[in-house]
Amino acid sequence: MKYPHQPVLVDETIQYLIHSPNGIYVDGTVGNAGHSQRILERLSEDGRLICLDRDPDAIRLSRKRLTHQKKNVEMVQANFSDLGSVLHQKNIQHIHGVLLDLGMSSGQLENSGRGFSFNREEPLDMRMDPDSELTAYQLVNEYSPKDLEAILRDYGQEKRARRIVKAIVAERERRPIQNSAHLSNLIRLAFPPSQRFGPRHPATKTFQAIRIAVNTELKNLEVFLDSIAPLLTHGGRLVILSYHSLEDRRVKQAMVKWEKACTCPPDFPHCVCGKTALFRRLTRKGVKAGVEETATNPRARSAVLRAAERI
């Protein structure tokens with residue numbers, strides 16, 4: 001079976017993540033299981049991999065993809081922000097590593113039918129977990145202009161937020177905005193003619209903002225970052241792939257904060273200064289994909305990998 005999603009920075013992810021082949025690892029965003037498949041290749045028969053995803057379609061696809069693996073792998077439909085509860089239910093106190101790939105999978109964009117893509121005519125849903133309450137339709141058609149503008153500015157960094165919101169409000173007073181193509185075309189017309197057909201679709205930032213709001217993505221990331229330290233064993237690794245500055249800034253700030261009190265050089269194997277620190281950063285700067293990878297996988301251009309080790 002061919003899988004539409006090509007995982008990003010796989011070799012670098014495995015390099016930073018796997019340090020004990022016999023350990024317990026978590027892929028907190030399994031998606032199409034591209035990273036998980038490579039993780040399992042590095043684990044011994046005593047190793048264990050727990051795969052999480054809030055999207056039931058991702059769980060079904062990943063279970064099918066990894067069914068031939070004889071190693072210990074489990075699938076759990078859950079948000080990575082609930083990792084502590086998942087481990088508690090499994091009577092696991094500490095894990096050896098956890099991976100988060102915060103990007104959208106190609107399958108979600110192209111095949112989910114939930115309106116994630118501005119290039120398709122699909123219902124305005126955008127829920128990664130179909131059982132969650134808020135939909136993009138409700139947000140677009142029912143939120144106040146003030147709240148809509150704040151979402152576009154805060155989560156999409158959209159400079160034309162006010163103009164786009166005015167167009168949305170004017171349209172929804174005439175008729176509900178039903179699908180992704182309707183919204184996408186509406187946004188395009190809110191831009192000057194010279195900017196409507198450039199290399200980047202005018203709806204890119206707005207769709208990102210709505211998706212983030214519907215799925216509380218930044219809040220979930222903050223909850224995860226606040227709770228991950230006690231879940232990792234000594235020497236445990238955390239690897240996070242981000243795709244826009246809102247995510248990457250939060251990850252970077254958390255990692256800097258965790259090691260702020262430590263004065264050991266970054267190449268020391270372990271903290272020996274005796275000062276309180278939770279992690280040491282394994283990547284002082286974000287790791288980005290090389291020319292070869294970006295040429296074959298355009299999604300890799302925006303990816304930034306950051307890794308840290310529990311001390």
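## Reading the fold

Visitor: What does the accessible surface of the protein come to, and what share belongs to carbon and sulfur atoms?

Guide: The accessible surface is about 15,100 Å², and 48% of that area belongs to carbon and sulfur atoms. Areas here follow the Shrake-Rupley method with a 1.4 Å probe, and for residues only the protein chains shown count as cover. This is a predicted model, where local features need pLDDT of at least 70 and side-chain atom pairs pLDDT 80 or more, while totals for chains, interfaces and linings use all residues. Residues are numbered from 1 along each chain as its sequence is written, and side-chain values use heavy atoms, leaving out hydrogens and water.

Visitor: How many helices and strands are there?

Guide: The protein has 13 helices and seven strands, both being DSSP runs numbered from the N terminus (helices H or I, at least four residues; strands E, at least two). The radius of gyration is 21 Å, close to the 19 Å that the globule rule gives for 311 residues, so the protein is as compact as a globular protein of that length. That radius is taken over C-alpha atoms, and the rule is 2.2 Å times the number of residues to the power 0.38. Along the principal axes, the C-alpha atoms fill a box of roughly 65 × 45 × 40 Å.

Visitor: What percentage of the residues is buried?

Guide: Buried residues account for 57% of the 311; buried means under 20% relative accessible area, exposed over 50%, and partly exposed in between (1.4 Å probe, protein chains only). As for contacts (heavy atoms within 4.5 Å), 68% of those between residues at least 6 apart in sequence join residues at least 24 apart.

Visitor: Which residues of the largest nonpolar core touch the most other members?

Guide: In soluble globular proteins, nonpolar side chains tend to be buried together. A nonpolar core is a set of buried Ala, Val, Leu, Ile, Met, Phe, Trp, Tyr and Cys residues joined through side-chain atoms within 4.5 Å. Of the 30 residues in the largest core here, Leu83, Ile95, Val98, Phe224, Ile228 and Leu238 touch the most other members. Helix 12 gives the largest share of this core, four residues. Leu83 has contacts with Val26, Leu52, Ile95, Val98, Phe224, Ile228 and Leu231, leaving aside residues up to four places away in sequence. A second, separate core has 29 residues, including Ala33, Val239, Leu241 and Leu305.

Visitor: Why is helix 10 described as largely enclosed?

Guide: In helix 10 (residues 204-214), 10 of the 11 residues are buried, so the rest of the structure largely encloses it. These buried residues, among them Phe207, Ile210 and Arg211, pack against helices 6, 7, 8, 9, 11 and 12.

Visitor: Which other residue has a positive phi although it is not a glycine?

Guide: Most residues other than glycine have a negative phi. Ala33 has a positive phi of about 70°, and its place is the loop between strand 1 and helix 2. At 0% relative accessibility, Ala33 is buried. Gln157 also has a positive phi, about 50°, and sits in the loop between helix 7 and helix 8. With 37% relative accessible area, Gln157 is partly exposed.

Visitor: Where is Ile14 found, and which residues does Ile14 touch?

Guide: Ile14 is in helix 1 (residues 10-17) and is buried at 4% relative accessible area. Leaving aside residues up to four places away in sequence, Ile14 touches His35, Arg38, Ile39 and Arg42. The C-alpha atoms of Ile14 and Val239 are 9.1 Å apart, with 225 residues separating them along the chain.
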